[in-house]
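Take a look at the model below. We will walk through it step by step, beginning with a single residue.

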Amino acid sequence: VVERRREGDSQRFTFAAPAALAPFIAPKGSAALDGVSLTVNEVSDEPVENGGVCRFGINIVPHTAAVTTFGGLEVGSAVNLEIDLVARYLQRLMQKRA
């Protein structure tokens, strides 16, 4: 977690992922964070000289914060990130085509 801020009734979280995962994270796509499938709001790729990480944002509504670990996350907290299954299939198909 690189940022957490209030946004309306929800909490906006920004996460940093390794650059190698950037091709699998897309706006309006999904990612599973700590086992919770969530919609990605926006994505930005940092230049290599800034670490080359992929930053992406998600919103957590109050109910989700209350029934998952997200309510306790703070800046610096680590989460488990699983990329979207469809993205993994597409990558595999593209590798086989090449």
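In which strand is Ser-10 found? Ser-10 is found in strand E2. Helices (H or I, at least four residues) and strands (E, at least two) are DSSP runs, numbered from the N terminus. Before going on, note that this is a predicted model: local features need pLDDT of at least 70, side-chain atom pairs count only at pLDDT 80 or more, and totals for chains, interfaces and linings use all residues. Residues are numbered from 1 along each chain as its sequence is written, and side-chain values use heavy atoms, with hydrogens and water left out.

Back to Ser-10. Its relative accessible area is 10%, so Ser-10 counts as buried. Here buried means under 20% relative accessible area, exposed means over 50%, and partly exposed lies in between (1.4 Å probe, protein chains only). What does Ser-10 touch, not counting residues up to four places away in sequence? The list is Arg-5, Asn-59, Ile-60 and Val-61. Contact means heavy atoms within 4.5 Å. With Asn-59 there is also a polar contact of 2.7 Å between the side chains. A polar contact is a pair of N or O atoms within 3.5 Å; within protein, one must be able to donate a hydrogen and the other to accept it, and residues adjacent in sequence count only if both atoms are side-chain atoms.

Ala-17 lies in strand E2 too. Ala-17 is buried, because its relative accessibility is 3%. Leaving aside neighbours within four places in sequence, Ala-17 is in contact with Ile-25, Val-53, Cys-54, Phe-56 and Leu-81. Ser-30 is 13 residues from Ala-17 along the chain, and their C-alpha atoms are separated by 14 Å.

Now step back to the sheet. It is open and has four strands, in the order E1-E2-E6-E5, with antiparallel pairing. Two strands pair if DSSP finds at least two bridges between them. Strand E1 (3–7) and strand E5 (42–45) are the edge strands, each pairing on one side only. On average, neighbouring strands of this sheet are turned by 20° against each other, direction ignored. The axes behind such angles are lines fitted to C-alpha atoms, for helices over the stretch in contact, and angles run from 0 to 180 degrees between N-to-C directions. How many bridges join E1 to strand E2? Five bridges join them, and the two strands run antiparallel.

Charged side chains come next. A search of the whole structure finds five salt bridges. A salt bridge is a side-chain nitrogen of Lys or Arg within 4 Å of a carboxyl oxygen of Asp or Glu. Follow Arg-12. Its side chain meets that of Glu-7 in a salt bridge (3.2 Å, N to O). It also meets the side chain of Glu-42 in a salt bridge (2.4 Å, N to O). This second pair links distant parts of the chain: Arg-12 is in strand E2, Glu-42 is in strand E5, and they are 30 residues apart.

Is Arg-12 buried or exposed? Arg-12 is buried, because its relative accessible area is 10%. Glu-7 is partly exposed at 28%, and Glu-42 is partly exposed at 31%. These residues belong to a network of salt bridges that links Glu-3, Arg-5, Glu-7, Arg-12 and Glu-42.

Finally, look at Arg-55. It forms a salt bridge with Glu-46, with the closest N and O atoms 3.3 Å apart. Arg-55 is partly exposed, with a relative accessible area of 29%. Glu-46 is partly exposed as well, at 24%.
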